[in-house]
Amino acid sequence: MATAQLSHAIRIHKASKETVFPSQITNEHESLIMVKKLFATSISCITYLRGLFPESSYGERHLDDLSLKILREDKKCPGSLHIIKWIQGCFDALEKKYLHMAVLTLYTNPKEPEKVTEIYQFKFRYTKEGATMDFDSSNTSFESGTNSEDIKKASVLLIRKLYILTQNLGPLPNDVILTMKLHYYNAVTPHDYQPPGFKEGINSHFLLFEGEPVNLQVGIVSTGFHSMKVKVTTEATRVSDLENSLFQENNTTEIAHQGLDCDEEEEECNNQIQRMNLVHSQQSSERSRKKRKVSEPVKVFIPDRK
């Protein structure tokens, strides 16, 4: 029987001096700090609400009226040290403007890591254009300049939606395994580059679901210098309690390509999803695609969830 998912509520607090994001973003350095914190907060949210680490592995921070749990180094829980090292490796690639995509993946069979049960996809872009905030799962689209207050509102909305999503997903299997693959911009990334905690990985282009996956568009935050887009893919049986406005369903059993090697404008048309019985017919097209440089952790992580 699967371990019940942690039922942590989003608690409401008065404003605190110890806030999550910088108060203003006026240059590239402040933008980098913002994106790093948004990424780390998102990973912390996922691992906390999916029940991967004990309470002692988290500190508390505040984002407006939200009380957030942020991963911290917990010597009593070596697994938290693994994830923090992965986050720091992503920071290194972000600082160098190499990182294109970080994909946090959960699977159950150590012999078949391509057969996944849940995926969290973070896509990064580097730009000096005006910021846009595009929330894919909403009927409303916002556009603005690089206004610090607008960026903060976009960040708060993204975290709220991620909290609501992960808080309402059905439980994970007990024997889940956690890994993270990093995809890079080939044009600027040295061939031998590996961030701390990572080694050269294999870009297979295919991630398989044995059940019916649902693709959930969480949103985009853009600062005018960086942007981060968040997507979640999980099994359809875990989203029965979610409102339709939070996700888009795909009656599919295989996620092919998942937009990892295409530009933002081409992502939707290239994000072709086909059934598992067509995998073998896709092998030739997989080999013909230009593969993006990929890193994977030196060691995967198996949470103790029993």
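Trainee: Starting with charges, which side chain meets that of Lys115 in a salt bridge?
Mentor: The side chain of Lys115 pairs with that of Glu112, at 3.5 Å from N to O, where a salt bridge means a side-chain nitrogen of Lys or Arg within 4 Å of a carboxyl oxygen of Asp or Glu. Keep in mind that this is a predicted model, in which local features need pLDDT of at least 70 and side-chain atom pairs count only at pLDDT 80 or more, while totals for chains, interfaces and linings use all residues. Residues are numbered from 1 along each chain as its sequence is written, and side-chain values use heavy atoms, with hydrogens and water left out.

Trainee: And is Lys115 buried or partly exposed?
Mentor: Lys115 is partly exposed, because its relative accessibility is 23%, and buried would mean under 20% relative accessible area, exposed over 50%, and partly exposed in between (1.4 Å probe, protein chains only).

Trainee: Which residue forms a salt bridge with Glu118?
Mentor: Arg50 does, with the closest N and O atoms 2.9 Å apart. Glu118 lies in strand E5 (residues 116-126) and Arg50 in the loop between H1 and strand E2 (58-63), so the pair ties together parts that are 68 residues apart in sequence. Both Glu118 and Arg50 are buried, and a network of salt bridges links Arg50, Glu118 and Arg238.

Trainee: Changing topic, what does the secondary structure come to?
Mentor: The chain has five helices and 15 strands, which are DSSP runs numbered from the N terminus (helices H or I, at least four residues; strands E, at least two). Helix H3 (residues 148-168), for instance, has 21 residues and reaches 30 Å from its first C-alpha to its last, close to the 30 Å expected, that expected span being 1.5 Å times one less than its number of residues.

Trainee: Which residues of H3 are buried?
Mentor: The buried ones include Ile151, Leu158, Ile159, Leu162 and Thr166. Ile159 is also among the residues with the most contacts inside the largest nonpolar core, which has 64 residues; such a core is a set of buried Ala, Val, Leu, Ile, Met, Phe, Trp, Tyr and Cys residues joined through side-chain atoms within 4.5 Å. The largest share of this core, eleven residues, comes from helix H1 (residues 28-49). Another core, of six residues, lies apart from it and includes Met101 and Leu207.

Trainee: Last one, where is Ser227 found?
Mentor: Ser227 is found in strand E12 (residues 226-235), and it counts as buried because its relative accessibility is 12%. Not counting residues up to four places away in sequence, Ser227 touches Lys123, Phe124, Arg125, Val221 and Ser222.

Note on methods
Contact means heavy atoms within 4.5 Å.
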